[in-house]
Amino acid sequence: MFLNADDVARSLRGTAGLMGRRPDALRHFDMSERGFWRSFGAVWLTAPALTVALALERGTGTALFRLDHVTLAAIAGIAAGFLAVPLAMIVVLRRLGRTRVYVPFLVVTNWCLAAGLVVLALPGSLLLLGLATPGLAELYAAAFVMVALWLHGRAARAILDLPGPAAALVTLACFGLVVGFAGGVHALV
């Protein structure tokens with residue numbers, strides 16, 4: 001589950017290739033069983049998002065990383081986001097008869113989720129630094145979410161071999177699962 005620099009660089013190159021609509025983008029991802037388990041290590045790349053979330057929750061001028069319910073809720077929310085889609089897709093892909101695409105789909109989904117969370121830390125950072133108003137930060141965040149959804153939709157379409165509308169529904173369902181699981185775990189903690 002530990003990543004090395006080559007795994008990260010290759011997977012981020014694949015993510016950037018998906019954004020650039022390069023037809024060979026998926027070949028950059030390690031679609032093996034080893035690559036599947038290592039893709040969960042992408043959660044470590046979300047540390048900037050966790051830091052920004054804690055700073056927004058606690059406010060500046062306080063210790064961000066304390067062992068309390070706020071920190072546990074933020075960490076549990078991110079971890080739940082990485083577990084929601086793999087658990088749900090086991091059932092969905094079995095029913096669709098497409099179990100062979102489970103590993104590639106989740107490898108790309110994990111890397112897209114990590115990249116999306118890192119990019120979503122930017123609007124919060126701008127807000128914390130006083131370089132954006134709350135409304136402008138929300139606008140930036142909404143735009144970044146749309147790009148992340150579009151990116152995942154492209155990956156879903158290519159990997160699952162679905163038409164555009166069906167891939168969009170899969171992407172929205174995955175997004176709903178991530179937000180629902182993360183919000184639910186956040187509320188429980």
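**Entry 1: helix H1**

What covers the buried residues of H1? I began here, keeping in mind that this is a predicted model. I found that the cover includes helix H2 (33-39), H5 and H6. Next I listed the residues of H1 that are buried: Asp7, Val8, Arg10, Ser11, Gly14, Thr15, Gly17 and Leu18. I also looked up the length of H1, which has 15 residues and reaches 21 Å from its first C-alpha to its last. That is close to the 21 Å expected at 1.5 Å a residue.

**Entry 2: H1 against H6**

How do H1 and H6 pack? I noted that helix H1 (residues 5-19) and helix H6 (residues 134-160) meet at an angle of about 95°, with their axes 9 Å apart. An angle of 65 to 115 degrees counts as roughly perpendicular, and H1 and H6 are therefore roughly perpendicular to each other. On the H1 side, the contact is made by Thr15, Leu18 and Met19. H6 brings Val147, Trp150, Leu151, Arg154 and Ala155. Sorting the residues of this contact of H1 with H6, I got six nonpolar, one polar and one charged.

**Entry 3: helix H4 and its kink**

I turned to helix H4 (residues 69-96), with its 28 residues. From first C-alpha to last, H4 reaches 40 Å, close to the 40 Å expected at 1.5 Å a residue. Where is the kink in H4 centred? I found the kink, of about 30°, centred on Met89. Just after H4 comes Gly97, where I noted a positive phi of about 70°.

**Entry 4: Tyr102**

Met89 turned up again when I looked at Tyr102, which touches Phe36, Pro86, Met89, Ile90 and Leu93, leaving aside residues up to four places away in sequence. Tyr102 lies in helix H5 (residues 102-128). Is Tyr102 buried or exposed? Its relative accessible area is 16%, and buried means under 20%, so Tyr102 is buried. I also checked Tyr102 against Ala142, 40 residues apart along the chain: their C-alpha atoms are separated by 29 Å.

**Entry 5: Thr171**

My last stop was Thr171, found in helix H7 (residues 164-188). Which residues does Thr171 touch, not counting those up to four places away in sequence? I wrote down Leu149, His152, Gly153 and Ala156. Thr171 has 4% relative accessibility, so I marked Thr171 as buried too.

Terms used:
Residues are numbered from 1 along each chain as its sequence is written. This is a predicted model: local features need pLDDT of at least 70, side-chain atom pairs count only at pLDDT 80 or more; totals for chains, interfaces and linings use all residues. Side-chain values use heavy atoms; hydrogens and water are left out. Axes are lines fitted to C-alpha atoms, for helices over the stretch in contact, and angles run from 0 to 180 degrees between N-to-C directions. Helices (H or I, at least four residues) and strands (E, at least two) are DSSP runs, numbered from the N terminus. Angles under 35 degrees count as roughly parallel, over 145 as roughly antiparallel, 65 to 115 as roughly perpendicular and the rest as oblique. Contact means heavy atoms within 4.5 Å. Ala, Val, Leu, Ile, Met, Phe, Trp, Tyr, Cys and Pro count as nonpolar, Asp, Glu, Lys and Arg as charged, and the others, Gly among them, as polar. The expected span of a helix is 1.5 Å times one less than its number of residues. The bend at a residue is the angle between axes fitted to the seven residues ending there and the seven starting there. Buried means under 20% relative accessible area, exposed over 50%, partly exposed in between (1.4 Å probe, protein chains only).
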